[in-house]
Amino acid sequence: MPISAPPPKPRKSPVQARSMATVDAIHMATIQVLAAEGLALCTTTRVAERAGVSVGSLYQYYPNRRSLLAAVLGRHLDQVAVAVEQACIAQRRKPIADMAHELVYAFLGAKLEHPSASKALYAVAEEHGGALLVAHAKGRMHRAVASMLDTATDARFDDLSTASLLTMSAMIGPAQALLEDDASAELVDVLQAHLCTLIQAYLRAISLSVPTGKSTE
């Protein structure tokens, strides 16, 4: 099946607390199997065994392996996108220095909160409908950043789309490198500070100045 094909949807969504706990256990087990054994060996049988549920129980929620992997990836991407969206909403009508700082810390914080999950899911992102899920999440973050930048109190941008795209791109590559290298907390702190400087400098370089005291509403 081509990568561009949308992943099959789960059979049903958990409603009761017990069902939600089962799905959470299945998701966690999927990540653990991916991290320990790789994508090729991440089968529904292995996941069910690790989660402590029957394969039949797993199939109540996910019709096949592809659906399961897509659901786990989708949840992870949604968590990252939500973190960025919330940061962008909170930083509206702020200077670009504040925007850059909070955006960097929100994005990297979400990506590095569960590094084993983020790292394991890179392989899934390349298959099983992952390309569409990644594109959707990137689109959400791209729009959130553009909307935030449009309200900056000390700058104006004549091409918000490009500014947003390059701002996000500046963070995505380093985040993946940190995960692949199992970076120390000290290195993460250094990279966060450098990314803030990089993004601030870029935004200032391409911005149109706003006269002091001029309203940005």
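**Entry 1: surface.** I started with a term: accessible area here comes from the Shrake-Rupley method with a 1.4 Å probe. I kept in mind that this is a predicted model. With that term in hand, I looked up the surface and found that the protein exposes about 11200 Å². Carbon and sulfur atoms supply 56% of that area.

**Entry 2: overall build.** Next I went through the secondary structure. I found 9 helices and 0 strands, and along the sequence the pattern reads α-α-α-α-α-α-α-α-α. I then checked burial: of the 217 residues, 40% count as buried. I also looked at contacts between residues at least 6 apart in sequence, and 74% of them join residues at least 24 apart.

**Entry 3: the cores.** Which residues have the most contacts inside the largest nonpolar core? I noted Phe107, Val145, Leu149 and Phe157, in a core of 28 residues. The elements giving two or more residues to this core are helix H4 (65-90), helix H5 (96-112), helix H7 (130-149), helix H8 (160-180) and helix H9 (185-206). H5 gives the most, with 8 residues.

**Entry 4: helix H5.** H5 has 17 residues, and from its first C-alpha to its last it reaches 24 Å, close to the 24 Å expected at 1.5 Å a residue. I listed its buried residues: Ile96, Met99, Ala100, Leu103, Val104, Ala106, Phe107, Leu108, Ala110 and Lys111. A reminder to myself: an α-helix has 3.6 residues a turn, so residues three or four places apart point the same way. Then I asked what covers the buried residues of H5. The cover includes H4, helix H6 (115-125), H7, H8 and H9.

**Entry 5: one serine.** My last stop was Ser164, which is found in helix H8. Is Ser164 buried or exposed? I reasoned from the cut-off: buried means under 20% relative accessible area. Ser164 has 0% relative accessibility, so Ser164 counts as buried. I then looked for its partners, leaving aside neighbours within four places in sequence. Ser164 is in contact with Met141, His142, Val145, Ala146 and Leu149.

Terms used: Residues numbered from 1 in each chain as written. Predicted model: local features only at pLDDT ≥ 70, side-chain atom pairs only at ≥ 80, totals over all residues. Heavy atoms only, no water. Helix = DSSP H or I, 4+ residues; strand = E, 2+ residues; numbered from the N terminus. Buried < 20%, exposed > 50% of the residue type's maximum accessible area, 1.4 Å probe, protein only. Contact = heavy atoms within 4.5 Å. Core = buried A, V, L, I, M, F, W, Y, C linked by side-chain atoms within 4.5 Å. Expected span 1.5 Å × (residues − 1).
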